[in-house]
Amino acid sequence: MERWVEDGGFSSFFREVYPRMVGQLRLLTGDLASAEDVVQEAFVRAASRWRQLARYDQPEAWVRKTAFRLAIDLLRRAARHQGLLARLGARQQEAVELPQEDGALIVALQALPLPLREVLVLHHCLDLPVEVVAAQLGLSVGTVKSRLYRGRERLVALLREEASPDGSKPAPARAAEEERHAQP
């Protein structure tokens, strides 16, 4: 207990929130190592501001928002990197095996455009109200509701495709339309 007093409660906050935050970010990034990296960076930033954050009603929301922004930056860099590797003809690394139900959901989430994935994770996985998701992402409530609707439809379709014996994929035109509608 003495240790928690020295740092104003940051250690206990970290121990309580870190595992939950990594789980949440893994849904967004699709990768445990990336989730751990962005959450750690968010906590480093929180530690440097802890005196101020400790007074917030929900310091976890600040850390989550920071981690989500870092994850989005990471995902965008990774997409550019993958595009470059594809142009250069580099081989892709094999993914780590996950339990089937976890793997199917993460694969389906990764197939969604980032704006749809982001609202689905915040609202459904973190149980944040639509208004809080809108505020956190700087969007209108209507935009969040629209993205949730389209994201749920697309996620169900992707999970059904995963479960279907023929493994059919969506038409390229539909995927392009989803990407276009998901843009901020």
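Which residues of α7 are buried? In this predicted model, the buried residues of α7 are Leu114, Pro115, Leu116, Arg117, Glu118, Val119, Leu120, Val121, Leu122 and His123. Buried means under 20% relative accessible area, exposed over 50% and partly exposed in between, with a 1.4 Å probe and protein chains only. Helix α7 spans residues 114-125. Of its 12 residues, 10 are buried, so α7 is largely enclosed by the rest of the structure.

The model is predicted: local features need pLDDT of at least 70, side-chain atom pairs count only at pLDDT 80 or more, and totals for chains, interfaces and linings use all residues. Residues are numbered from 1 along each chain as its sequence is written, and side-chain values use heavy atoms, with hydrogens and water left out.

The protein chain has 10 helices and zero strands. Helices (H or I, at least four residues) and strands (E, at least two) are DSSP runs, numbered from the N terminus. Along the sequence the pattern reads α-α-α-α-α-α-α-α-α-α. The chain has 184 residues, of which 36% count as buried. Contact means heavy atoms within 4.5 Å. Among contacts between residues at least 6 apart in sequence, 64% join residues at least 24 apart.

Two packed helices are described by the angle between their axes and the distance between the axes. Axes are lines fitted to C-alpha atoms, for helices over the stretch in contact, and angles run from 0 to 180 degrees between N-to-C directions.

Helix α7 packs against helix α8 (residues 130-137) at an angle of about 135°, with the axes 9 Å apart. That angle makes α7 oblique to α8. Angles under 35 degrees count as roughly parallel, over 145 as roughly antiparallel, 65 to 115 as roughly perpendicular and the rest as oblique. The crossing of α7 past α8 is right-handed. A crossing is left-handed if the near helix is turned anticlockwise from the far one by less than a right angle, and right-handed if clockwise. On the α7 side, Glu118, Val119, Leu122 and His123 make the contact. On the α8 side, the residues are Val130, Val133, Gln136 and Leu137. By class, this contact holds five nonpolar, two polar and one charged residue. Ala, Val, Leu, Ile, Met, Phe, Trp, Tyr, Cys and Pro count as nonpolar, Asp, Glu, Lys and Arg as charged, and the others, Gly among them, as polar. After α7 comes Asp127, with a positive phi near 55°.

Helix α2 (residues 10-29) and helix α3 (residues 32-48) have axes that come within 8 Å and cross at roughly 140°. Helix α2 is therefore oblique to α3. The crossing is right-handed. Residues of α2 in the contact include Phe10, Phe13, Phe14, Val17 and Thr29. Those of α3 include Leu32, Ser34, Ala35, Val38 and Phe43. The contact of α2 with α3 has 15 nonpolar, three polar and two charged residues.

Thr29 lies in α2. Its relative accessibility is 6%, so Thr29 counts as buried. The Thr29 side chain reaches the backbone oxygen of Asp31 at 3.0 Å. Such a polar contact is a pair of N or O atoms within 3.5 Å; within protein, one must be able to donate a hydrogen and the other to accept it, and residues adjacent in sequence count only if both atoms are side-chain atoms. Leaving aside neighbours within four places in sequence, Thr29 contacts Ser34, Ala35, Ala71, Leu75 and Gln110.

Ile106 is found in helix α6 (residues 100-111). Ile106 is buried, with a relative accessible area of 9%. Ile106 and Asp31 are 75 residues apart in sequence, yet 8.7 Å apart in space, C-alpha to C-alpha.
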